[in-house]
Amino acid sequence: MSIAYSVPPSTPTGLNATVQEKSVSLSWNPNPETDIAGYNIYRAGIKINTLFNYYSPAIASSSALGHGPNYVADGDWSTSWLSGDSYGSFTPVWLELDTRNVPNLIDEVSIYWFYPYYGKNFEIQGWSGNSWITLRKVVGNNEQYNRLAIVPGYRTSKIRINITDTNYTAANKQVGIQTASVRSYRLVTPTSYQEQVRDGIYNYKVSAVNYLGFESN
């Protein structure tokens with residue numbers, strides 16, 4: 001058994017904003033902790049870091065026979081993964097997305113199910129290095145598209161979609177995914193940030209994030 005322990009970093013200090021026409025420049029003091037991965041920027045309570053995804057570099061695998069799982073990560077909407085037949089009752093299956101062994105703080109998982117083979121009950125799991133940890137659990141889904149926030153973000157290189165039931169009511173009980181993506185907010189690594197804004201009054205906040213994914217208040 002392996003146990004990792006950490007506490008959230010301290011809140012960044014010295015936040016300062018300067019405005020020139022429609023340009024806002026923020027700066028703050030570096031955090032004293034040595035394990036800081038970067039910073040999140042919030043405007044009016046909304047995170048404004050750039051959201052990027054691993055859907056192109058990711059590789060995929062599955063516990064199920066059927067169409068190739070890598071179709072969910074090839075960026076081609078004309079391809080899809082479809083599990084093998086499961087007559088009678090549905091046999092649980094999983095689909096794994098691997099970001100090529102590059103751990104990152106995962107903030108969102110999006111799934112576009114292959115019509116009409118939607119997952120009804122499923123879990124989003126992250127690999128801890130020793131076991132699979134449930135990050136989100138969905139019960140009774142009937143939507144083709146699921147955009148699932150992972151709060152707090154979870155640092156991992158592998159995400160698994162563990163499907164325990166399907167909405168497909170035919171006898172062969174299949175499930176399918178057209179495309180899936182794993183997204184992360186890009187942490188700001190310098191202690192400064194600049195953006196263009198419209199006229200208005202804006203409140204800003206900066207938080208620090210360590211390498212285990214813990215975020216300051």
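Colleague: What should I know about the model and the numbering before reading any values?

Modeller: The model is predicted: local features need pLDDT of at least 70 and side-chain atom pairs count only at pLDDT 80 or more, while totals for chains, interfaces and linings use all residues. Residues are numbered from 1 along each chain as its sequence is written, and side-chain values use heavy atoms, with hydrogens and water left out.

Colleague: How many helices and strands does the protein chain have?

Modeller: Both are DSSP runs numbered from the N terminus, with helices being H or I of at least four residues and strands E of at least two. The protein chain has 0 helices and 16 strands. Its C-alpha trace spans about 65 × 45 × 30 Å along the principal axes.

Colleague: What share of the residues is buried, and what share of the contacts joins residues at least 24 apart?

Modeller: Buried means under 20% relative accessible area, exposed means over 50%, and partly exposed is in between, with a 1.4 Å probe and protein chains only. Of the 217 residues in the protein chain, 44% are buried. A contact means heavy atoms within 4.5 Å. Among contacts between residues at least 6 apart in sequence, 75% join residues at least 24 apart.

Colleague: Which strands pair with β10?

Modeller: Strands of a sheet pair through backbone hydrogen bonds, either parallel or antiparallel. Here two strands count as paired if DSSP finds at least two bridges between them. β10 (residues 119-127) pairs with β11 (residues 132-138) in the antiparallel sense over 6 bridges, and W127 stands opposite W132 in β11. These two strands form a hairpin with 4 residues between them, and G129 in the turn has a positive phi of about 105°. β10 also pairs with β13 in the antiparallel sense, over 7 bridges; in that pairing I124 stands opposite I161. β13 (residues 158-166) in turn pairs with β8 (residues 93-98) in the antiparallel sense over 6 bridges, where W94 stands opposite N162.

Colleague: What is the strand order in the open sheet of 3 strands?

Modeller: The order is β4-β3-β16, with antiparallel pairing. The edge strands are β4 (46-47) and β16 (204-210), each of which pairs on one side only. β3 and β4 are joined by 2 bridges, and the bridge partner of R43 in β4 is I46.

Colleague: R43 carries a charge-bearing side chain by your definition; which residue forms a salt bridge with R43?

Modeller: Side chains of opposite charge can pair when their charged atoms come close. The criterion used is a side-chain nitrogen of Lys or Arg within 4 Å of a carboxyl oxygen of Asp or Glu. The structure holds 6 salt bridges. E195 forms one with R43, the closest N and O atoms being 2.8 Å apart. That pair links distant parts of the chain, with E195 in β15 (residues 192-196) and R43 in β3, 152 residues apart. E195 is buried at 11% relative accessibility, whereas R43 is partly exposed at 23%.

Colleague: Is D107 buried or exposed, and which residues does D107 touch?

Modeller: D107 is buried, with a relative accessible area of 8%. Not counting residues up to four places away in sequence, D107 touches K47, L148, A149, I150, G153, R183, S184 and Y185.

Colleague: Which residues lie nearest the centre of the second largest pocket?

Modeller: On a 1 Å grid over the protein atoms alone, a pocket is an open set of points where a 1.4 Å probe fits, with protein on both sides within 12 Å along at least five of seven lines; lining residues have an atom within 4 Å of a point. Of the 15 lining residues, K47, D107, I150, V151 and G153 lie nearest the centre. The pocket holds about 180 Å³ of space, a volume being the space filled by probe spheres set on the points, which are joined across faces, edges and corners. β3 (36-43), β9 (104-113) and β12 (145-156) each supply at least two lining residues, and β12 gives the most, with 5.
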